[in-house]
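Here is a short note for anyone opening this model for the first time. Please keep the structure in view while reading the points below.

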Amino acid sequence: MLIFRESVVLPDDWETTAEVIRETGRKVLGVSSGRRKEDKEAWWWNEEVQDSIQRKRLAKKKWDMDRTEENRQEYKELQHRVKREVSKAKQKAYDELYTRKSTTDAIFALRILMEKYRDGQRELHSVFVDLEKACDRVPREELWYCMRKSGVAEKYVRVVQDMYEGSRTVVRCAVGQTEEFNVQVGLHQGLALSPFLFAIVMDQLSEEVIQESP
């Protein structure tokens, strides 16, 4: 038996109880806008961005609890500030990424090498290879030759030859796919062994032309 020492008004149905729980949750936790995307790209967020987002969340929570004009203006200003900080941080991160991945250093090194050869009146032969296209154009006979020249055991050469024996493929597009046709050149795409085989071919083809720079 329950004894109430004070007069307390209890909710008389489930809807009222649920509304009390929701209202308490809004006051304690705040309300989300509901527009947040899953797996949001945030790898480039720095401390300034994270601090601005935290301030915006606190302002949103404050506005949900007390919807005054002052709180609304504060939340709107912090929204704009977050957008500016995000834009600046994203641009800075991409600039640093492009700087690390650019070919500026490689071109500068090649230019210095050309000048050294020119000063020494020596010939310099440069080869620029599109590795992706080269991988699709490796002659099969050249592959067997390079594997044997690299010291790969004959039984493994035969295994690879069996993997490429009678290889066929199709071309698929929006309107359908072509009939099967034989593939007699290039390495298998998506095969874990293909990068290793391509490295063997490149090492053997460039072995005789590689020289130390002056």
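This is a predicted model: local features need pLDDT of at least 70, side-chain atom pairs count only at pLDDT 80 or more; totals for chains, interfaces and linings use all residues.

1. Which residues of helix 6 are buried? Helix 6 covers residues 140-149, and its buried positions are Arg140, Leu143, Trp144, Cys146 and Met147. Viewed down the axis of helix 6, these buried residues fall within an arc of 165°, so they line one face of the helix.

2. Two values describe how a pair of packed helices sits together: the angle between the axes and the distance between the axes. For helix 6 and helix 8, the packing angle is about 75° and the axes are 9 Å apart. An angle from 65 to 115 degrees counts as roughly perpendicular, and helix 6 and helix 8 are therefore roughly perpendicular to each other.

3. Which residues make the contact between helix 6 and helix 8? On the helix 6 side they are Glu142, Leu143, Cys146, Met147 and Lys149, and on the helix 8 side they are Leu197, Ile200, Val201, Gln204 and Leu205. Sorted by class, this contact between helix 6 and helix 8 holds seven nonpolar residues, one polar residue and two charged residues. Leu143, Cys146 and Met147 belong to the contact with helix 8 and are also among the buried residues of helix 6.

4. What follows helix 6? Gly151 comes after helix 6, and the phi of Gly151 is positive, near 90°.

5. A positive phi also occurs at Gln121, a residue other than glycine, where the value is near 55°. Gln121 sits in the loop between helix 4, residues 104-119, and helix 5, residues 131-135. Is Gln121 buried or exposed? The relative accessibility of Gln121 is 75%; the cut-off for exposed is over 50%, so Gln121 counts as exposed.

6. Now the chain as a whole. The protein chain has eight helices and four strands. Along the sequence, their order is α-α-α-α-α-α-α-β-β-β-β-α.

7. The protein chain has 214 residues, and 18% of them count as buried. Its accessible surface is about 18,100 Å², with 53% of that area belonging to carbon and sulfur atoms.

8. A last point concerns contacts along the sequence. Among contacts in the protein chain with a separation of 6 or more, 58% are between residues 24 or more positions apart.

Conventions: Residues are numbered from 1 along each chain as its sequence is written. Side-chain values use heavy atoms; hydrogens and water are left out. Buried means under 20% relative accessible area, exposed over 50%, partly exposed in between (1.4 Å probe, protein chains only). Helices (H or I, at least four residues) and strands (E, at least two) are DSSP runs, numbered from the N terminus. The arc is that of the directions from the helix axis to the C-beta atoms. Axes are lines fitted to C-alpha atoms, for helices over the stretch in contact, and angles run from 0 to 180 degrees between N-to-C directions. Angles under 35 degrees count as roughly parallel, over 145 as roughly antiparallel, 65 to 115 as roughly perpendicular and the rest as oblique. Contact means heavy atoms within 4.5 Å. Ala, Val, Leu, Ile, Met, Phe, Trp, Tyr, Cys and Pro count as nonpolar, Asp, Glu, Lys and Arg as charged, and the others, Gly among them, as polar. Accessible areas come from the Shrake-Rupley method with a 1.4 Å probe; for residues, only the protein chains shown count as cover.
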